[in-house]
Amino acid sequence: MLRESFRIGDESVPSGTRQTVELPIGTMSDHTPIAMSVHVVHGKRPGPVVFVSAAVHGDEIIGVEVARRLLQNKALSRLRGTLLVVPIVNTFGFMNQSRYLPDRRDLNRSFPGTESGSMAGRIANLFFTEVVQKSDYGIDLHSAAIHRTNLPQIRIAPRDRAGMDLARVFGAPVTLLAKVREGSLRHAAAEHGTKVLLFEAGESLRFDEMAIRAGTSGILRVLRHLDMISGRGIAQPKENPVICYRSRWQRSPAGGLLRSYKRTGTFVKKGEVLGIISDPFGEVEQQVKAQIDGIIIGRTNLPVVYEGDGLYHLAEAKSENEAIDTIESLVTQLENDPFYDEDEII
């Protein structure tokens, strides 16, 4: 017996088919129509409804490439349940290579939105009502803010046991327990009862092959865990992620030029020198020392810094050896995965 068609917007997608549906947003100032595109894969057999979203912040393009690779995967041809993929949620920001909307609002502080509100509120409301409310699970793909980079990581709310189980399945090097911010997609989804994983990796306006691989592999693992696709060709993570219960930004003690000594994924001990800030003449130098033991899960890419700038994002880890071994193992697994031989980006 065939499943009922999946209804989204003004379209009905029959079971066993896939279709890109355009959800109208409005018009540009020159009267060009603009829409949010949702690719619906509606399986013949029953199963959960899962959404994958990217570019909620318009300059975070790594998630767009992850979505593209996901949609090319042959396993989706025998999908159980329904997959909703929205490669670009913030269309205006994506076209302008901007994190924000033209009204300077942050879309990820505007959920669940309102039908008659600001531009951000209307787009948030459209995505929330047409995608999030129809889903059992979601994976929201993000990158670091401009001029920063993030180690691939999953963020879940404290005491979220179901989220922790999915994070382990996803297999990113680090899982960070982070409070849910009001107005965020995660907050609105949780209020509705939709479980959402937040994936952070790489930097804005740039592709990062390891970040893309981590995101693509993680999503396929979650779909396999939910019994939506076959496990053939999908390698399970060789290690459990490093669980970090808190994090803090190491901020610049002075303005100047930063010479950074540490990369993302490095474990550092309290008091260890992360970098040195000097003036343009080299007459005054100041060390930047780690204030806690932990893993660098994010850092600035800019050498020109001001006092108070966030330089290194450190996540506390219980064991140095466990952290180092886990991250090295998971990164090596991604590098050697034959699934990606044809997809490598130079």
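Biologist: Is tyrosine 306 buried or exposed?
Modeller: Tyrosine 306 is exposed, at 58% relative accessible area. Keep in mind that this is a predicted model.

Biologist: Where does tyrosine 306 lie?
Modeller: Tyrosine 306 is in the loop between strand 18 (304-305) and strand 19 (310-315).

Biologist: Which residues make the nonpolar surface patch of about 310 Å²?
Modeller: Leu257, Val304 and Tyr306 make that patch.

Biologist: What about valine 304, how accessible is that residue?
Modeller: Valine 304 has 48% relative accessibility, so the residue counts as partly exposed. The cut-off for exposed is over 50%.

Biologist: And what does valine 304 touch, leaving out residues up to four places away in sequence?
Modeller: Valine 304 touches Gly256 and Leu257. Valine 304 belongs to strand 18, and there it is the bridge partner of leucine 257.

Biologist: How far is valine 304 from valine 41?
Modeller: They are 46 Å apart in space, C-alpha to C-alpha. In sequence the two valines are 263 residues apart.

Biologist: What holds strands of a sheet together in general?
Modeller: Backbone hydrogen bonds pair them, in either a parallel or an antiparallel sense.

Biologist: How many bridges join strand 13 to strand 18?
Modeller: There are 2 bridges between strand 13 and strand 18. With strand 15 (residues 273-278), strand 13 (residues 256-260) pairs over 4 bridges.

Biologist: Which residue in strand 15 is opposite arginine 259?
Modeller: Isoleucine 276 stands opposite arginine 259.

Biologist: Switching topic. How many salt bridges does the structure hold?
Modeller: The structure holds 14 salt bridges. One of them joins the side chains of glutamate 65 and arginine 69, at 2.9 Å, N to O.

Biologist: How are glutamate 65 and arginine 69 placed in helix 1?
Modeller: They are 4 residues apart in helix 1 (residues 62-71), so about one helical turn separates them. Both glutamate 65 and arginine 69 are buried.

Biologist: Which residues are linked with them in the salt-bridge network?
Modeller: The network links Glu65, Arg68, Arg69, Glu209 and Arg213.

Biologist: Now arginine 80 and aspartate 227. What is the N to O distance in their salt bridge?
Modeller: The distance is 3.2 Å, N to O. Arginine 80 is in strand 6 (residues 80-86) and aspartate 227 is in the loop between helix 6 and strand 11, so the pair ties together parts 147 residues apart in sequence.

Biologist: Is arginine 80 buried or exposed?
Modeller: Arginine 80 has 18% relative accessibility, so arginine 80 counts as buried. Aspartate 227 is partly exposed, at 43%.

Biologist: What about glutamate 316 and arginine 246?
Modeller: Their side chains meet in a salt bridge at 3.3 Å, N to O. This pair also links distant parts of the chain, 70 residues apart. Glutamate 316 sits in the loop between strand 19 and helix 7 (320-336), and arginine 246 in the loop between strand 11 and strand 12 (247-251). At 27% relative accessibility, glutamate 316 is partly exposed.

Biologist: Next, helix 4. Which of its residues are buried?
Modeller: In helix 4 (residues 161-170), Gly163, Met164, Leu166, Ala167, Val169 and Phe170 are buried. They pack against several elements, among them strand 7, strand 8 (148-156) and helix 6 (209-225).

Biologist: What comes just after helix 4?
Modeller: Glycine 171, which takes a positive phi of about 85°.

Biologist: Last one, serine 135. Where is serine 135 found?
Modeller: Serine 135 is in the loop between helix 3 (119-130) and strand 7 (137-142). Serine 135 is buried, at 5% relative accessible area.

Biologist: Which backbone oxygen does the side chain of serine 135 reach?
Modeller: The side chain reaches the backbone oxygen of valine 131, at 2.8 Å. Leaving out residues up to four places away in sequence, serine 135 touches Val49, Val50, Phe51, Leu84 and Thr194.

How values were computed
Residues numbered from 1 in each chain as written. Predicted model: local features only at pLDDT ≥ 70, side-chain atom pairs only at ≥ 80, totals over all residues. Heavy atoms only, no water. Buried < 20%, exposed > 50% of the residue type's maximum accessible area, 1.4 Å probe, protein only. Polar contact = N/O pair within 3.5 Å; in protein donor to acceptor, adjacent residues only side chain to side chain. Contact = heavy atoms within 4.5 Å. Patch = residues over 30% accessible without salt bridge, like charges linked within 9 Å, V, L, I, M, F, W, Y side chains within 5 Å. Areas by Shrake-Rupley, 256 points an atom, 1.4 Å probe, with all protein chains shown as cover. Salt bridge = Lys/Arg side-chain N within 4 Å of Asp/Glu carboxyl O. Pairing = 2+ DSSP bridges.
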